[in-house]
Amino acid sequence: MKRVSELAQIKGQNEKSDLQLVEEVRNGLRASYSELVRRHQKGLLRLSMRFVKDLDIAQDVVQESFIKAFEKLNSFEGRSSFKSWLYQITVNTARNKLRENRHDYSDIADIQLGVDAVAEKSLVHKAVGEILNAEVEKLPFKQKTALVLRVYEDMSFAEIAEVMQCPYDTAKANYRHALLKLKEVFEMRAELKSWSHEIGGFFTELNSKYAEAE
Amino acid sequence: MKTNQGMNERLKENQNPSWPEKPSEPHLKEALEEALLEKQLKQSENIELPMDEAFFDRLHDQIMAEVEKTEIKPTTRWSKTREFLERAVTHYRPSHYPRAAKSVKLALTGVVLTLGLGLELASFSIMSSTQKLQQQKQAELVQLEKQAQLVAEQALEKPEEWVEMAVQGSNAQDFYADVLAEKLTSEQLKDLKL
């Protein structure tokens, strides 16, 4: 057991940072780019899938993004992390792909969900999730990007700002607007009544506890 | 996937929320609602990625095969400008700037109309001036022909007078007139008299 942890430690020490690998690639060592691809391909594929919703197209987006990144490697100044830079390229590539294939997608607003008759709690939650996803798809691209990066990629606003190439406050504002829109939907849609009640009860309980503490 | 730096930044953000130290009820409610929404969004995640390593190995190989054919572009003094323009093109969506899009459309229409009208006016003025020039030239030609005819008639009627007139009318610079006068005064004048 001790031996395994020692090996892991040695491996961790030997593991090069993204910036070191980038420098090696710039100096002509293409094999280092292979390591960068291995490190980031899963994350990029997940991110692309969130925008294009199709595995084949997402693979194209990832491939295109890595090639673009390789071509532009000299223009990467290292002000942001390599990952942020790569995500930035991927978001832009996915956006272009969406524009190219815009007519291929069905209108999300047409999706109808019949949850009125569903009593089961788990099913309600599932329906809520579906509605949420549909509403996320309807968000403007910048708001959606901020939401996706914050919620699913667990990024800080500073990192989101780097990826979106905008000021910190703009990234934050985009995220806030996205959340506000989703909240509005929750307040408006009757299907979410049961879930809202659940939240309502939770809030009442919390508010009373807060009042007691005061 | 998450970098340590990013995680630290996010922790800091959570420790220093945007609401005051003693949160009011609406602030607290808002924060909780947001947290619940985030949680719900995470739970409702419907992205299914392939889990087998073989898939990612294939993707990696495909990417690297393409990378092998690609070269890193050298940076030039225009690289940054080009990137900026590319970014502007990527991010620009007329629907996000309806006023700007409307003004651009109006401006473009104005430019096209002005250019069209200007071109038409210019072509019209060029055509009319060309026609005028042609008419002038024709009139001059007709006049010259008439004059030539008149002179020829006079010369045929009274060749001596005409020769004298031609000689008198010539000046020192008129080489042809001199030559003509010289020749006519000697031998040909006798012929003409005949």
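**Close-up views of chain A**

**View 1. Ring pairs join A:Tyr33, A:Phe66 and A:Phe70 in a cluster.** Rings of Phe, Tyr and Trp (its six-membered ring) pair if their centres lie within 6.5 Å; planes under 30 degrees apart count as stacked, over 60 as edge-to-face and the rest as tilted. This is a predicted model, in which local features need pLDDT of at least 70 and side-chain atom pairs count only at pLDDT 80 or more, while totals for chains, interfaces and linings use all residues. Residues are numbered from 1 along each chain as its sequence is written, chains are lettered from A and ligands numbered from 1 in the order in which they are written, and side-chain values use heavy atoms, with hydrogens and water left out.

**View 2. Nine aromatic pairs are found over all chains of the structure.** One of them is the edge-to-face pair of A:Phe76 and A:Phe82, at 5.7 Å centre to centre with 80° between the planes. A:Phe76 also forms a tilted pair with A:Trp85, at 5.0 Å centre to centre and 40° between the planes. A:Phe76 has 4% relative accessibility and therefore counts as buried (under 20% relative accessible area, with exposed over 50% and partly exposed in between; 1.4 Å probe, protein chains only). A:Phe82 is buried as well, at 1%, and so is A:Trp85, at 9%.

**View 3. The charged end of A:Arg150 sits over the ring of A:Phe157.** The distance to the ring centre is 3.9 Å. A charge counts as over a ring if NZ of Lys or CZ of Arg is within 6 Å of the ring centre and within 35 degrees of the ring normal. A:Lys83 lies over the face of A:Tyr87, 5.3 Å from the ring centre.
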